[in-house]
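Subject: Structure for your review

Dear colleague,

Please find below the structure that I am handing over to you.

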Amino acid sequence: MAAQTILVTGGAGYIGSHTCVQLLAAGHDVVVVDNLSNSSTVALDRVADIAGRSVAFHEVDLRDRVALAEVFDDHDVDRVVHFAGLKAVGESVEIPVAYYDNNIVGTVNLLNAMADHEVFDLVFSSSCTVYGEPEVVPITEDAPIGAVSPYGRTKLYIEELLRDAAAADKRWRTVLLRYFNPVGAHPSGTIGEDPTGIPNNLMPYAMQVAIGRLERLRVFGGDYDTPDGTCIRDYIHVVDLADAHLAALGALDRIEGCEAVNVGTGTGSSVLEVVAAASNAVGADIPHDVVDRRPGDVPCVFADTGRAESLLRWSARLDLADMCRDHWNWQRQNPAGYGS
Ligand code: NAD
Ligand code: WQD
């Protein structure tokens with residue numbers, strides 16, 4: 001794909017910042033819109049250090065229609081990658097209206113601003129959470145969908161919204177990327193995931209135990225019907241995931257309407273396998289106890305990657321050892337995240 005101007009919503013966040021690096025490296029100009037509700041401009045400074053040039057940054061909330069229109073007025077945007085959203089499953093159960101407001105209203109405003117400026121090419125951050133509890137693994141994109149949390153439903157409804165928009169107006173071309181479990185960090189160790197408060201997710205929790213910020217990891221459930229009794233997930237290196245966005249932007253030229261694509265490795269790893277791989281990367285055992293199951297966890301989830309290979313011409317290159325090495329490198333260099 002020739003060099004373009006790509007607008008990245010949520011570009012200061014975890015996946016967004018890694019995607020900005022890959023976009024800049026591929027020669028694109030990048031415009032970031034982020035309200036910094038879960039991120040810091042330090043991430044964008046580090047992106048510039050890695051890439052050797054900066055993104056154009058606008059501190060704007062997607063719900064602010066006037067400010068968003070001004071961003072499109074200021075830049076000749078060709079395509080959009082839409083990461084901005086709230087993403088904590090548990091929090092979405094506590095404050096569902098805030099999740100619908102942020103994720104759905106933000107997306108509706110974005111679509112209106114895009115259409116007003118004749119921009120119809122979009123890559124959207126969806127999630128494997130839209131599959132709920134899958135009946136069959138590996139999961140194909142044609143599997144039944146039905147999210148089980150307000151967060152997941154915002155993803156589901158946005159997917160439907162984008163499908164409806166594409167059905168009504170053939171100018172819309174959209175790739176819905178359904179991410180599995182993103183982990184890891186840029187190999188420089190200068191950008192990475194910086195969760196606020198106590199992490200909900202396995203890898204950042206394990207790494208914060210390793211660095212001494214948290215005492216012990218709890219392994220949620222040792223009695224699942226899996227080989228070692230712990231849950232299986234498809235972990236994907238965030239740099240591979242970032243590259244999938246470049247592949248999806250390129251694929252927009254080859255698709256019509258709206259296409260959903262899984263982004264995983266196709267390989268499942270159990271919680272205990274992750275703990276072992278993380279301990280290996282750290283060079284010391286990560287203290288852990290197997291405790292009760294966490295409500296809502298499904299036993300086994302991993303992706304069928306066939307459509308990513310055929311439609312995006314992309315597949316993951318990095319494995320669990322790479323993910324743990326790079327996540328630890330980031331954690332070690334930035335023990336308190338961007339506040340270090
Ligand atoms: P993140 O919180 O690090 O990044 C999201 C960014 O969006 C943040 O910088 C935040 O400040 C910004 N933002 C949120 N609401 C906004 C608004 N209304 N206006 C402008 N900016 C706003 O999260 P992430 O892990 O990088 O996830 C990016 C996207 O990928 C999200 O949509 C998330 O739901 C999706 N996703 C993430 C995962 C995961 O495990 N990390 C898995 C599947 C899907
Ligand atoms: C992975 C495994 C836990 C923490 C979540 C969202 C999903 C998507 C990705 C956004 C599970 C176990 C975890 C801990 C543990 N995000 N675990 N101890 O639940 O697969 O997916 O993030 O779209 O929507 O639900 O990821 O990292 O929380 O858990 O044993 O302290 O690790 O039980 O089996 P999950 P996770």
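This is a predicted model: local features need pLDDT of at least 70, side-chain atom pairs count only at pLDDT 80 or more; totals for chains, interfaces and linings use all residues.

Residues are numbered from 1 along each chain as its sequence is written, chains are lettered from A and ligands numbered from 1 in the order in which they are written, and side-chain values use heavy atoms, with hydrogens and water left out.

Ligand 1

The shell around ligand 1 holds 26 residues, the closest being Asp34, Asn38, Ser39, Phe83 and Tyr151; a residue belongs to such a shell if one of its heavy atoms lies within 4 Å of the molecule. By class, these residues divide into eleven nonpolar, eleven polar and four charged. Here Ala, Val, Leu, Ile, Met, Phe, Trp, Tyr, Cys and Pro count as nonpolar, Asp, Glu, Lys and Arg as charged, and the others, Gly among them, as polar.

A polar backbone atom of phenylalanine 83 is 2.7 Å from an oxygen atom of ligand 1, and one of serine 37 is 3.0 Å from an oxygen atom of the ligand. For leucine 62, a backbone N or O atom lies 3.0 Å from a nitrogen atom of ligand 1. On its own, ligand 1 has 820 Å² of accessible area, of which the protein covers 95%; such areas come from the Shrake-Rupley method with a 1.4 Å probe, and for residues only the protein chains shown count as cover.

The elements that give two or more residues to this shell are α1 (14-25), β5 (121-127) and α6 (150-168). Of the elements, β5 gives the most, with three residues. Helices (H or I, at least four residues) and strands (E, at least two) are DSSP runs, numbered from the N terminus.

Ligand 2

Around ligand 2 there are 19 residues, with Ser127, Tyr151, Arg218, Arg233 and Asp297 the closest. They comprise ten nonpolar, five polar and four charged residues. Side chains supply polar contacts here: a polar side-chain atom of aspartate 297 lies 2.5 Å from an oxygen atom of ligand 2, and an N or O atom in the side chain of asparagine 181 is 3.0 Å from an oxygen atom of the ligand. For threonine 129, the corresponding side-chain distance to an oxygen atom of ligand 2 is 3.5 Å. The protein covers 88% of the 680 Å² of accessible area that ligand 2 has on its own. Both α7 (202-211) and β8 (217-220) supply at least two residues of the shell, and β8 gives the most, with four.

Nonpolar core

In soluble globular proteins, nonpolar side chains tend to be buried together. The largest nonpolar core in this model has 43 residues, and those with the most contacts inside it are Val8, Val30, Val175, Leu177, Leu312 and Trp314. Such a core is a set of buried Ala, Val, Leu, Ile, Met, Phe, Trp, Tyr and Cys residues joined through side-chain atoms within 4.5 Å; buried means under 20% relative accessible area, exposed over 50%, and partly exposed in between (1.4 Å probe, protein chains only). Elements supplying at least two residues of this core include β1 (5-9), β2 (29-34) and β6 (173-179). The most come from α8, with eight residues.

Backbone and individual residues

Most residues other than glycine have a negative phi, and most peptide bonds are trans. Valine 137 and proline 138 are joined by a cis peptide bond, with omega about -10°; proline 138 is in the loop between β5 and α6. Glutamate 118 has a positive phi of about 60° and is exposed, at 59% relative accessibility. Arginine 313, with phi near 60°, is likewise exposed, at 62%.

Serine 92 is in helix α4 (residues 89-94) and is buried, with a relative accessible area of 0%. A polar atom of its side chain lies 2.9 Å from the backbone nitrogen of tyrosine 151.

Yours sincerely

Definitions and conventions:
A polar contact is a pair of N or O atoms within 3.5 Å; within protein, one must be able to donate a hydrogen and the other to accept it, and residues adjacent in sequence count only if both atoms are side-chain atoms.
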